[in-house]
Amino acid sequence: MAGTTVEIDTKEVFSLSNMLSGMELSSEDRSELLSELGVEAESQTQERFDTKVAPDGIKWNGIAEATRAYYAKRHPGARPPLVVSGSLRDTIESQKKGSWEVLVGATKEYAAVHQYGFKKRNIPARPFLGVSLDDEADLAAITRDFIIRRTR
C-alpha cells in the first residue's frame, strides 16, 4: 500500500488472536474476520477527520492563519484540516496481509506529511492512523463476536 500505514500491537487483540489460533479456522474464516476488522478500522480512521482528534486523544492543531487565508481565496467556505476536498479521507482502505494481518492506511502520496507533519513547510502532524483505546475495544468486540459465532 503506497502512502502511510501504522502498525498496532494491542494486548487484548493479541490475546484474542491466540484463542483464534487454536480454533483451526479455514482461510475463508480468517479472511472474513480480517475483512470485518479492516472495515471497522477504516471507519474509525475516517471518523477522525470529523472529530479532528488523533488516536492518542490529542486534538489536531487548527489551520494556520496564512493557510486559512489561502483557502478562503481558493476554496470558499474552507473546511477543517485535512478535509478541503476529502480526497485523503476517501483513500483510507484496508488490505489483508498474510493469513493473520490487516493493514489500514491512506493511499495518497501526501498522507505521511499529515500523519507525521513536515517541519520545513510548517505543517503540524495531524495523526489519523492508529488505534485509540475505544477503537481497540471495538475491534476486540468484533473478534469476540466472531469467536462466539464460530463456537456455537
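Visitor: Of the 152 residues of the protein, what percentage count as buried?

Guide: This is a predicted model, in which local features need pLDDT of at least 70 and side-chain atom pairs count only at pLDDT 80 or more, while totals for chains, interfaces and linings use all residues. Residues are numbered from 1 along each chain as its sequence is written, and side-chain values use heavy atoms, with hydrogens and water left out. A residue is called buried when its relative accessible area is under 20%, exposed when it is over 50%, and partly exposed in between, using a 1.4 Å probe and protein chains only. By that rule, the share of the 152 residues that count as buried is 31%.

Visitor: Which pattern does the protein follow when read along the sequence?

Guide: Helices (H or I, at least four residues) and strands (E, at least two) are DSSP runs, numbered from the N terminus. The protein has five helices and three strands, and, read along the sequence, they follow the pattern β-α-α-α-β-β-α-α.

Visitor: Which elements give two or more residues to the largest nonpolar core?

Guide: A nonpolar core is a set of buried Ala, Val, Leu, Ile, Met, Phe, Trp, Tyr and Cys residues joined through side-chain atoms within 4.5 Å. The largest one here has 11 residues, including Phe49, Trp60, Ile92 and Phe128. The elements that give two or more residues to this core are α2 (27–51) and β3 (101–106).

Visitor: How are helices α2 and α5 oriented relative to each other, roughly parallel or roughly antiparallel?

Guide: Axes are lines fitted to C-alpha atoms, for helices over the stretch in contact, and angles run from 0 to 180 degrees between N-to-C directions. Angles under 35 degrees count as roughly parallel, over 145 as roughly antiparallel, 65 to 115 as roughly perpendicular, and the rest as oblique. Helix α2 packs against α5 (residues 133–150) at an angle of about 155°, with the axes 10 Å apart. That angle makes the two helices roughly antiparallel.

Visitor: How many charged residues does the contact of α2 with α5 have?

Guide: Contact means heavy atoms within 4.5 Å, and among the residues that make it are Asp29, Leu33 and Gln44 of α2 and Asp135, Thr143 and Arg150 of α5. Ala, Val, Leu, Ile, Met, Phe, Trp, Tyr, Cys and Pro count as nonpolar, Asp, Glu, Lys and Arg as charged, and the others, Gly among them, as polar. By these classes the contact has six nonpolar and two polar residues, and its charged residues number nine.

Visitor: Leaving aside neighbours within four places in sequence, which residues is Glu36 in contact with?

Guide: Glu36 is found in helix α2 and, with a relative accessible area of 26%, is partly exposed. Once its neighbours within four places are left aside, Glu36 is in contact with Ile142, Phe146 and Arg149.

Visitor: What is the phi of Asn122?

Guide: Most residues other than glycine have a negative phi. Asn122, which lies in the loop between α4 (111–116) and α5, counts as exposed because its relative accessibility is 66%. Although Asn122 is not a glycine, its phi is positive, at about 60°.

Visitor: How far apart in space are Lys108 and Arg89, C-alpha to C-alpha?

Guide: Lys108 has its place in the loop between β3 and α4, and at 28% relative accessibility it counts as partly exposed. Lys108 and Arg89 are 19 residues apart in sequence, and their C-alpha distance in space is 9.2 Å.
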